[in-house]
Amino acid sequence: MPPSPSLPLRRILTLPPALRPRAFSILSRPPPNYPSHVPLTNLERGTLAITSAIGSLLNPRRHDLIAALSETTAHPYFLPRLRRAMLANSTGRRILRDRPRITSQSMRLEDLRKLPDNTVGRAYAAWLDREGVTPDTRDPVRYVDDPEEAYVLQRYRETHDFTHAITGLPVIIEGELAIKAFEFANTLLPMTGLSLAAVVRLKKAERARFFEVYGPWAVRNGLRAEEVVNVYWEEELETDVGALRERLGIEMPPDLREVRKVEREKKRAEKEAERKTMGG
Amino acid sequence: MASFVPRASKRLRLAGPSSPSSWVCNDCRRTFASSIRPRQQQQQQQHHHQQPTPPHPSQDDKTTHFGFETVSESLKAGRVRDVFSSVAANYDTMNDLMSLGIHRLWKDYFVRSLNPGIPPSTTSSPRGQKILDIAGGTGDIALRHLDHSTTINNDHKTSVIISDINPEMLAEGMKRFASSPYKPTNRVSFLEANAEDLPTIESNSIDLYTVAFGIRNFTHKQKALAEAFRVLKPGGVFACLEFTPNLSNPLLNAIYKRWSFGAIPLIGQVVAADRDSYQYLVESIEKFPSQAEFAGMIRDAGFLIPGHNSPGEGGLEGGWEDLTMGVAAIHKGIKPA
């Protein structure tokens, strides 16, 4: 029988799995736990976290780097916490048991468009049409070791568009940052908080709007709302949007596209006036 | 540097997939930006979590390796083609990052040691050499051949046929040559072909056959070597620059392997949004025969190998040149007259 490990060694071995020294090396990776799984060593995970953070700040359209950032920073505490939050809720538990996936086959836009106007499904279809996107772009989770936690992160990724739909925020950077702030307050995933570093990419007026209006909205609502990851969206497609928002505890933010349009017109009017007074 | 990736930078618009090199699963309609595009219906089941079925070869019973994966022989060429379609746009940037720029030194040395081109004073009727560069899609070796023959040997007639199985790589090559001084000349031509079968090239017509970092991707290397033997003139030279599966020094080899399997796929993910292609590339290096075995294959194709010792079964000793402590090696052979 092997001798029982000394106290310091035992302390190292009882660290949470993500911080424990890995039992494998780059050359001897264990078999994957699910189809797209790539087991990473701590060094690889850390390097990928840092490089994907820098890469996604330099080019925020690299959704694959944002995805890699979310997967590599989800441990040690945050993704297990989110999974526990799902397990603590009966709908969350059902979602974990059923493992529904959101794709354009499971969410047929043609059927959703036929739903009555104030339903969640119609709002979702209308938002997708307005922004010109489809439900298909979500990268598969690769760098999370536990298959259930991988599903939780995949579910968060796939339901991100629904959060957009019920709050009405657009896909432009300003809207995405507001949603990320909301998701940080709501899910505590580090990637959502880290991505707020992208406020440096906003224009001055956008930044002012973020700190005055949308940021406070996001924090206030994210904290007081129920966990959005526990919503079984496939069953809520015919629910009234207002009722769902009230149940979750989310208030609608000001329509960002409208606000921007108004500001653009104001600016144009000002420029016209200035030109008239100057040119004559 | 991340702006090199148009494919990963766009959300899918309602008009359809934004890139030809992504594929859409017929079942769940998810779009994958991966180059590893299974072609069989069975393989498309692979990515569904519920029933992962390993792909099994359907038409052929013969299988070969695709990196560490086993695939049917008939599928390998298509999968390699997909890998290179995916990496074509960032090929040179990724090479610089993966080899820390050393690949340029290797290629320069490779071409310099071959000394393409015939100086005008040594022949009465200067025809120029006919060079065939296989798997040379992006044209970096071909450009070096032309530069060397033109500037060092003052030979303005030597021509290069650039052949590649992958049209995207050839397109990159055409772009490179469009902005080179050789554009108005007829010294470069492009051929989309599989190196194992070159029907449009006559036998005994090529002076110099080069393949750099291509042959490890071929499904049937011996067949490609036989085809090289056929198209070369008697006295023609076969030259191959390729990675080796192991370095000579065990400690350096351990470090090198960890760089290959750890850093390279990570760089592929961050720069090119494609971990899988670069994972394939390092696995294919691992699967390539050793220098001695490969030299044996070249000898078996009929070439004479300068500088080797010990004939007989199996591989040879000597007969190749290691570069950078064995990371890459140059193999040469001459078709007997």
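Predicted model: local features only at pLDDT ≥ 70, side-chain atom pairs only at ≥ 80, totals over all residues.
Two residues are in contact when heavy atoms of each lie within 4.5 Å. Residues are numbered from 1 along each chain as its sequence is written, chains are lettered from A and ligands numbered from 1 in the order in which they are written, and side-chain values use heavy atoms, with hydrogens and water left out.

**Chain A as a whole**

- Chain A has 13 helices and zero strands, where helices (H or I, at least four residues) and strands (E, at least two) are DSSP runs numbered from the N terminus.
- Along the principal axes, the C-alpha atoms of chain A fill a box of roughly 95 × 45 × 30 Å.
- Of the 280 residues in chain A, 50% are buried; buried means under 20% relative accessible area, exposed means over 50%, and partly exposed lies in between (1.4 Å probe, protein chains only).
- Among contacts in chain A between residues at least 6 apart in sequence, 68% join residues at least 24 apart.

**Annotated residues in chain A**

- An unreviewed UniProt entry gives the annotation "binding site" to A:His160, A:Asp161, A:His164 and A:Glu176.
- These residues are spread over 17 residues of sequence, yet they cluster in space, with a largest C-alpha distance of 10.3 Å.
- From this set, A:His160 belongs to the lining of the second largest cavity.
- A cavity is a set of points, on a 1 Å grid over the protein atoms alone, where a 1.4 Å probe fits but cannot get out; lining residues have an atom within 4 Å of a point.
- UniProt positions are given in the numbering used here, feature names are shortened, and annotations may be inferred rather than shown by experiment.
- A:His164 lies in helix H8 (residues 147-167) of chain A, and A:His164 counts as buried because its relative accessible area is 0%.
- Apart from neighbours within four places in sequence, the contacts of A:His164 are A:Trp127, A:Leu169, A:Pro170, A:Val171, A:Glu176 and A:Ile179.
- A:Glu176 is located in helix H9 (residues 173-187) of chain A, and A:Glu176 is buried, with a relative accessible area of 18%.

**Chain B as a whole**

- The secondary structure of chain B consists of ten helices and 13 strands.
- Chain B has 337 residues, and 54% of them count as buried.
- Among contacts in chain B between residues at least 6 apart in sequence, 69% join residues at least 24 apart.

**Annotated residues in chain B**

- In chain B, the "binding site" annotation from an unreviewed UniProt entry covers B:Thr138, B:Asp164, B:Asn194 and B:Ala195.
- The lining of the largest cavity includes B:Thr138, B:Asp164, B:Asn194 and B:Ala195 from this set.
- B:Thr138 occupies the loop between strand E5 (130-134) and helix H5 (140-152) of chain B, and B:Thr138 is buried at 3% relative accessibility.
- Not counting residues up to four places away in sequence, B:Thr138 touches B:Tyr91, B:Asp92, B:Met169, B:Glu172, B:Gly173 and B:Arg176.
- B:Asp164 is in strand E6 (residues 159-164) of chain B, and B:Asp164 is buried at 7% relative accessibility.
- With residues up to four places away in sequence not counted, B:Asp164 touches several residues, among them B:Met169, B:Leu170 and B:Glu192.

**B:Thr219 in chain B**

- B:Thr219 sits in the loop between strand E8 (206-212) and helix H7 (221-231) of chain B.
- B:Thr219 counts as buried because its relative accessibility is 13%.
- Not counting residues up to four places away in sequence, B:Thr219 touches B:Thr64, B:Glu73, B:Lys76, B:Ala77 and B:Glu196.
- B:Thr219 and B:Leu105 are 114 residues apart in sequence, and their C-alpha atoms are 28 Å apart in space.

Methods
1 Å grid on protein atoms, 1.4 Å probe; cavity = no way out; pocket = protein on both sides within 12 Å on 5 of 7 lines; lining within 4 Å.
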